[in-house]
Amino acid sequence: MAEDLKLDAVEISIGERLEEINQWLRNEGYEKYKEARRLSEEEAREDPETDPFNSKYTARNILSELKAKLASFQEDDIPSEKLTILMSALDYQIGQNYIETEELSTGEEHIERCIKTLKEYRLDRRCCSLYLHALNELGILWSKRGDCEKALDFLEDAERLYHAFTEEQGGAPNDVHELFFPDENLKSDLERQSDFNATFTHTLYYLAQVNAALGNSEKGAMYCHTTLLRQLETEQYDPVDWALNCATLSQYYITQGNYMLSRHCLACASYVFSGVEESSPQETVSEDDSQEERERKERIPQRKADISRCWSKYCLDLLKSSRDKCVEEISVNEAHEEGSTHQETSQGDTRNQEEIEEGDRKESLRFDTLEVTSFEELVPDQPVKTYDEARKLFLEGQKWLNNAKEFYVLDGHVTNYVEILQDMSQLFKLLAFFDADFERRCKMHKRRIDMLSEVLVELNPQHYLLVCRQLMYEIAETYSEMVDLKLAIAEESGEPRHAHAVKKINTLIKQSVKFFQSYLDSLKRNGELPETFDEDSVRPALVAHFYIARLHSKLICAAKRDKVENLKKSFDIYRYLVKYCDSHSDLPEGVFKDELDVSREMAQLLPLKMDKVMMSES
């Protein structure tokens, strides 16, 4: 009897306290919370640069006063779930405020307190969304700190929470702010579901970023695809960001050789972005524009250029894959190994089944609500085999690169502009592989040299040393490729080399040597090459020496003395390479293996060849 009376007294006390809390909320609590949100979300945008967080600080003071007032209703011996949840909600809001004002550690403490307090209520409709927001916030915080493992733990907890609530409770929990809404302003179930789904979509987005940062590429891509799909289904997305993220996802599928899905993502990106372009007028950037205004005006042109670059990477990689497959098929055909043919036949059934399963999986990752056939038909999704097919792919890649160059101009975007030119150069190089006409190949390589040389002379090596090195190296390699083509043309004709042809070959050789030497000179310290090259430059430096040695031996000379002199230069370089590698036993395995084998052989043969030249008749 006494126990029942005591319980009744507790219930009466809790009821009275809840009514007191509700009365206070109606009289002033709701309005104060509303004012704190207005200051934080609206007034903060107008704060001056000299005091950027003024409105945030005022909002924080209001939130802290609200929490202190709620604490005054607390009675340790009589717990109140509503009071606990309300104070935890304020902990979250105050913590978020500290993070927004760059006081991360204090913000983290408040949000961790919110999570710890609400753990037993995490599936409660009143606060599940709040709990999800808090887990997301800590996941983002640790990701920005560079601790992606810890970020992943919070985000995976958030994912489990969403699925647990959906399966066990159903429907949607209250919005994160609804605890401080009067009854007449509460959201509908549809609005709550939309907000809850949007919060979880953010969870998936962050999971994609963190998994990618941890090297979990496949999981990152899966989360990215799920995020994009949910955004399409709920129509809660910025089309510019969606298009760029979808185009970026295509780049992962390229690395997996999955051209079907890569092309599909690019097509979807272009489809969505085309709607933005149609509805957005072009704005001219003025010198008087602020940085913020400039970024706003440039947002659409820049994203258009970024999506164009993703398309060009697709064309470039598919051309490269096509070339590699052709080279592989040539090697197989030349091998004529019956055993390998038998093995391929015997494994056919298994491979076909795997391909069917893989095809089903790929189909499930499409965005079927978008009609993108016209964009997909621009390029193939299988390796090309003929010159005509390669040329069509080349022209598409060239088109997208030219589109990107409209925004990424040399003045102001040096690195991006140079990368675009380098991709253009690689397109010509790959197309040349498919061309049986050696003269046309030479013209393509000449185009590469012209476009790369044109930008090289515009760059200051003091400011863009690494970029200049890349350009020097590629120009040198291209000249070397032209040398081999010109020699092949002369050999194919079967006629004696004319003076003009000899002069042309020698000129190309000297140009190649010149640019390789310029690259090596850029590595010098106090006028001398380092005794040990840096890890990043060791292979290109050794290969540049190797190229120069080969090129010297290819110079066509009438006089024996000149020929021997050139062979002597080759010999000295081969000997240098052998000595360098022998004295650097810590070289990564395979970094220069094939070239070193040739260098050792040539270092032994060239003295004999020089003697033979000197002993031959004039």
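Leaving aside neighbours within four places in sequence, with which residues is L319 in contact? L319 is in contact with V384, A390, L393, F394, L427, L430 and F434, where contact means heavy atoms within 4.5 Å. The structure is a predicted model, in which local features need pLDDT of at least 70 and side-chain atom pairs count only at pLDDT 80 or more, while totals for chains, interfaces and linings use all residues. Residues are numbered from 1 along each chain as its sequence is written, and side-chain values use heavy atoms, with hydrogens and water left out.

**Nonpolar core**

- The largest nonpolar core has 175 residues; such a core is a set of buried Ala, Val, Leu, Ile, Met, Phe, Trp, Tyr and Cys residues joined through side-chain atoms within 4.5 Å.
- L319 is one of the members that touch the most others in this core, together with L70, F180, W242, F367 and F592.
- Buried stands for under 20% relative accessible area, exposed for over 50%, and partly exposed for values in between, with a 1.4 Å probe and protein chains only.

**Cavity**

- The structure holds one cavity of 30 Å³ or more, a cavity being a set of points, on a 1 Å grid over the protein atoms alone, where a 1.4 Å probe fits but cannot get out.
- The largest cavity contains about 40 Å³ of space; grid points are joined across faces, edges and corners, and the volume is the space filled by probe spheres set on the points.
- Its lining consists of S322, K325, C326, E329, P383, V384 and K385, lining residues being those with an atom within 4 Å of a point.
- By class, this lining has three nonpolar, one polar and three charged residues; Ala, Val, Leu, Ile, Met, Phe, Trp, Tyr, Cys and Pro count as nonpolar, Asp, Glu, Lys and Arg as charged, and the others, Gly among them, as polar.

**Buried residues in helices**

- E396 lies in helix 15 (residues 387-405); helices (H or I, at least four residues) are DSSP runs, numbered from the N terminus.
- E396 is buried, with a relative accessible area of 14%, and touches C315, L378 and V379, not counting residues up to four places away in sequence.
- E298, in helix 11 (residues 291-335), is buried at a relative accessible area of 18%.
- Not counting residues up to four places away in sequence, E298 touches V285 and F407.
- L39 belongs to helix 1 (residues 2-41) and counts as buried at 10% relative accessibility.
- Apart from neighbours within four places in sequence, L39 is in contact with A44, S55, T58, A59 and I62.
- The C-alpha atoms of L39 and L520 are separated by 60 Å, with the two residues 481 residues apart along the chain.

**Cysteines**

- The structure holds zero disulfides, a disulfide being a pair of cysteine sulfur atoms within 2.5 Å.
- C114 is in no disulfide, and the nearest cysteine sulfur, that of C127, is 8.3 Å away.
- C114 counts as buried at 0% relative accessibility.
- The sulfur of C246 is 4.3 Å from the closest cysteine sulfur, in C265, and this is too far for a bond.
- C246 is buried, with a relative accessible area of 0%.

**Loop residues with positive phi**

- E102 has a phi near 65 degrees, a positive value in a residue other than glycine.
- E102 lies in the loop between helix 3 (81-100) and helix 4 (104-118) and counts as exposed at 62% relative accessibility.
- E235, which is not a glycine, has a positive phi of about 60 degrees.
- E235 is placed in the loop between helix 8 (217-234) and helix 9 (239-255) and counts as exposed at 67% relative accessibility.

Key: 1 Å grid on protein atoms, 1.4 Å probe; cavity = no way out; pocket = protein on both sides within 12 Å on 5 of 7 lines; lining within 4 Å. Helix = DSSP H or I, 4+ residues; strand = E, 2+ residues; numbered from the N terminus.
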